[in-house]
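Here is a short report on a single protein chain. It starts with strand pairing and then turns to the chain as a whole.

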Amino acid sequence: MHNQEPDFCGWATKFNTRCTDGRTILDGSFSHQDGAQIPLVYMHKHDNPMNNLGYAILENRPGEGVYAYGFLNNTPQGQNMKEQLMHGDIKSMSIWANQLNETGMPGAKYVRHGQIQELSLVLAGANPGAKIESVFAHSDEFGD
């Protein structure tokens, strides 16, 4: 699959959980993206290449949500984010998706299908379950 180990992993979004924008992502909404590689950015600022931190691989977990494995690049921004993750400064993730198929009304929408375009590391996510679970220190970084 990938030659390198992820730098972190956790929930990109959890199913059947009401987000702060009033949307609830339904089970299977992004199942077609299982195994997809998407850009990893900071705070949804995907309009500036300086905010590109690397990429994420998505894993659809039926009944639970979309899990993500994050791979940070070797840019100063990517390495700075790695330090912030290791220190526990950043603990949340958030997806940006389009092509949404939604039902409901404003303030109470249910997402049945969509296309995740990027995953962001954020200070506070809209989905309360979108949290980083593990951050990995790779042994070669410590001279082993």
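Two strands count as paired if DSSP finds at least two bridges between them. The model discussed here is predicted.

**A hairpin**

Strand β6 spans residues 92–105 and strand β7 spans residues 108–122. The two run antiparallel, and 12 bridges join them. Within this pairing, N101 of the chain faces H113 in β7. The hairpin of β6 and β7 has 2 residues between the strands. There, G107 adopts a positive phi near 90°.

**Fold and dimensions**

How many helices and strands does the protein chain have? The count is 1 helix and 8 strands. Read from the N terminus, their order is β-β-β-β-β-α-β-β-β. The radius of gyration is 15 Å, close to the 15 Å that the globule rule gives for 144 residues, so the chain is as compact as a globular protein of that length. Along the principal axes, the C-alpha atoms fill a box of roughly 55 × 30 × 25 Å.

**Contacts, surface and charge**

Take the contacts between residues at least 6 apart in sequence: 67% of them join residues at least 24 apart. The table collects further values for the protein chain.

| Property | Value |
|---|---|
| Buried residues | 40% of the 144 residues |
| Accessible surface | about 7700 Å² |
| Carbon and sulfur part of the accessible surface | 49% |
| Positive side chains | 10 side chains |
| Negative side chains | 16 side chains |

The centres of the positive and negative sets lie 12 Å apart.

Notes: Residues are numbered from 1 along each chain as its sequence is written. This is a predicted model: local features need pLDDT of at least 70, side-chain atom pairs count only at pLDDT 80 or more; totals for chains, interfaces and linings use all residues. Side-chain values use heavy atoms; hydrogens and water are left out. Helices (H or I, at least four residues) and strands (E, at least two) are DSSP runs, numbered from the N terminus. The radius of gyration is taken over C-alpha atoms; the globule rule is 2.2 Å times the number of residues to the power 0.38. Buried means under 20% relative accessible area, exposed over 50%, partly exposed in between (1.4 Å probe, protein chains only). Contact means heavy atoms within 4.5 Å. Accessible areas come from the Shrake-Rupley method with a 1.4 Å probe; for residues, only the protein chains shown count as cover. Lys and Arg count as positive and Asp and Glu as negative; His and the chain ends are not counted. The place of a charge is taken as NZ of Lys, CZ of Arg, CG of Asp or CD of Glu.
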